Amino acid sequence: MLTYFERKGDSSALALASGLQRRLKFVRSFARDEEGVMTYFAFFILFMMLLVGGMGVDLMRNELERSKLQATLDRAILAAADLEQTLTPEGVVEDYFNKAGLSDRLPAITVSEDLTFRNVQADASAKSPTRWMKFVGVDELPMRAFGAAEERVNAVEISVVVDISGSMRDNNKMANLQDAAKTFVDTVIIPDNEDLISMSLVPYTASTNPGEAIFDELNINRLHPFSSCVDFVEADFSTPGISLSRNYLHMQHFEASFATFGAITNPACPGRDADAQFGIADRGYEEIQAFSQNATALKDVIDQYTPRARTAIHIGMKWGVAMLDPSFRPINAALASSGESDSTFSNRPVAYNDPSTLKTVILMTDGKNVDTIRIRDRFYNTGSRRSFWAFNTLGDFAERNDTFTIDELAFNRFTASQADTMLINVCNAAKAEGILIWSIGFEVDDDSAILMRNCASSPSNFFRVEGVEISEAFEAIAKQINQLRLTQ
């Protein structure tokens with residue numbers, strides 16, 4: 001169909017109409033085209049991506065600054081908690097923060113300490129400015145660093161239980177033991193450990209002599225004046241402590257020898273007082289030395305040890321463990337008041353659950369348990385008979401009274417096997433309370449080595465040594481005790 005202009009034959013009008021049609025067609029096409037809408041959306045998406053990425057950058061910067069703050073705080077409080085640090089904890093922390101360029105972010109510090117520990121806690125709060133998140137109204141991001149550091153010097157209670165029985169006279173063993181034990185004393189009792197480490201020496205032979213001061217604190221009916229040993233029963237080895245109320249038996253004073261040589265010189269329990277008239281030596285050095293930090297005095301006692309008598313490892317260990325049991329505290333308090341132990345340690349042994357105290361026993365033997373001999377009651381039931389045995393051996397009596405055999409005079413209170421069982425029982429009772437046990441088998445046979453290893457807290461706490469190796473064992477134990485003493 002021709003338009004009006006075409007019908008009129010007007011060429012100009014025709015050209016105008018044609019152009020108008022083309023423009024109308026473009027407008028209609030543009031109206032239908034959606035590509036322009038995608039362009040605006042793309043700009044929006046790009047902006048959001050940049051914003052989210054910028055927020056990530058802000059968060060990363062915040063975490064880096066927080067990490068720097070935390071790392072500085074950690075290093076600062078570790079240095080501040082050092083007990084050898086001469087500056088105040090606050091001064092140490094401030095110095096670390098200043099050098100890290102964080103002087104404007106000094107933390108709040110809390111310090112608790114005494115002679116044996118220092119605990120430093122620090123809490124730092126700060127804010128880091130944002131560059132992108134501020135477009136959504138977040139101008140700052142918070143940071144917090146917190147930490148605590150502690151160095152604690154453990155107090156240590158040590159019982160050194162050593163064998164001084166007759167077999168120690170062989171192969172220079174006593175001299176080697178003395179050198180090793182004195183080195184142990186010098187390694188552990190040093191100025192840095194003053195008032196922290198107490199040491200008790202517990203020598204044993206056929207018995208252990210606690211000394212009159214300890215003996216008199218116990219509930220014991222004294223039968224004679226010649227010595228002061230306690231005669232434990234089997235059940236006593238199932239517990240670590242010693243009771244102040246239980247009625248213990250007073251050990252008989254006699255010599256389990258079948259020789260006939262007159263006055264006894266080697267009793268199961270030694271006495272303190274010498275009697276030259278009867279050839280009785282003063283063996284006061286065999287008494288327990290309780291809760292001492294006097295290295296010179298301890299080494300002087302060790303130098304006097306002399307091999308003699310038989311072997312009762314279980315009795316030595318019973319006393320070594322009992323010295324660490326809290327039930328012994330009233331006894332030690334009495335010892336401290338009379339000068340028999342160091343008054344600094346009058347409150348020891350402390351409770352088993354005291355977190356600042358390590359309790360440990362070093363048990364040494366060169367042999368094995370033997371049968372425990374006692375005189376039959378009917379030959380030991382009067383004062384005159386007890387006095388007789390203080391100056392005469394079993395062999396003397398049997399020679400003078402041929403109507404009695406040795407078996408009629410004496411009997412085995414415990415066999416060697418029973419003594420081994422009692423030893424393990426008291427070792428287990430100690431370990432159950434957290435007491436750390438080291439054991440040393442000094443030139444022992446395989447059976448004794450197994451027994452001593454079973455007594456120790458672990459196989460690595462057992463040392464089997466020969467000759468001068470005993471010094472290496474004591475030195476290794478001393479070093480490990482010193483390491484255990486320091487905890488962070």
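Helices (H or I, at least four residues) and strands (E, at least two) are DSSP runs, numbered from the N terminus. The protein has 15 helices and 14 strands.

This is a predicted model, in which local features need pLDDT of at least 70, side-chain atom pairs count only at pLDDT 80 or more, and totals for chains, interfaces and linings use all residues. Residues are numbered from 1 along each chain as its sequence is written, and side-chain values use heavy atoms, with hydrogens and water left out.

**Confidence and overall packing**

pLDDT is the predictor's confidence in each residue, from 0 to 100. Its mean over the protein is 86, and 85% of the residues reach 70 or more. Confidence is lowest in helix α1 (residues 4–8), with a mean of 48. It is highest in helix α8 (residues 313–322), at 98.

Buried means under 20% relative accessible area, exposed over 50%, and partly exposed in between (1.4 Å probe, protein chains only). By that cut-off, 47% of the 488 residues count as buried. Contact means heavy atoms within 4.5 Å. Among contacts with a separation of 6 or more, 72% join residues 24 or more positions apart.

Ala155, Glu157, Ser159, Val161 and Asp163 point one way from β4. Val156, Ile158, Val160 and Val162 point the other way. Ile197, Met199, Leu201 and Pro203 lie on one side of β5. Ser198, Ser200, Val202 and Tyr204 lie on the other, and both faces are covered.

Two strands pair if DSSP finds at least two bridges between them.

| Strand pair | Direction | Bridges |
|---|---|---|
| β4 and β9 | parallel | 7 bridges |
| β4 and β5 | parallel | 8 bridges |
| β5 and β8 | antiparallel | 2 bridges |

Ile158 has Thr360 of β9 as its bridge partner. Val156 stands opposite Ile197 in β5, and Glu157 stands opposite Ser198 in β5. Met199 is partnered by Ser292 in β8.

β4, α5 and β5 make a right-handed β-α-β unit. A crossover is right-handed if, with the strands pointing away from the viewer, the path from the first strand over the helix to the second runs clockwise.

**Helix α7**

Helix α7 covers residues 295–304, and its buried residues are Ala295, Leu298, Val301 and Ile302. Seen down the axis of α7, they fall within an arc of 130°, so they line one face of the helix. The arc is that of the directions from the helix axis to the C-beta atoms. What covers these buried residues includes α5 (173–188), β5 (197–204) and β8 (289–292).

Asn294 caps the N-terminal end of α7. One of its side-chain oxygens lies 3.2 Å from the backbone nitrogen of Thr296.

**Ser356**

Ser356 sits in the loop between α9 (329–337) and β9 (357–365). Its relative accessible area is 16%, so Ser356 is buried. The side chain of Ser356 makes a polar contact with the side chain of Asp354, at 2.8 Å. A polar contact is a pair of N or O atoms within 3.5 Å; within protein, one must be able to donate a hydrogen and the other to accept it, and residues adjacent in sequence count only if both atoms are side-chain atoms.
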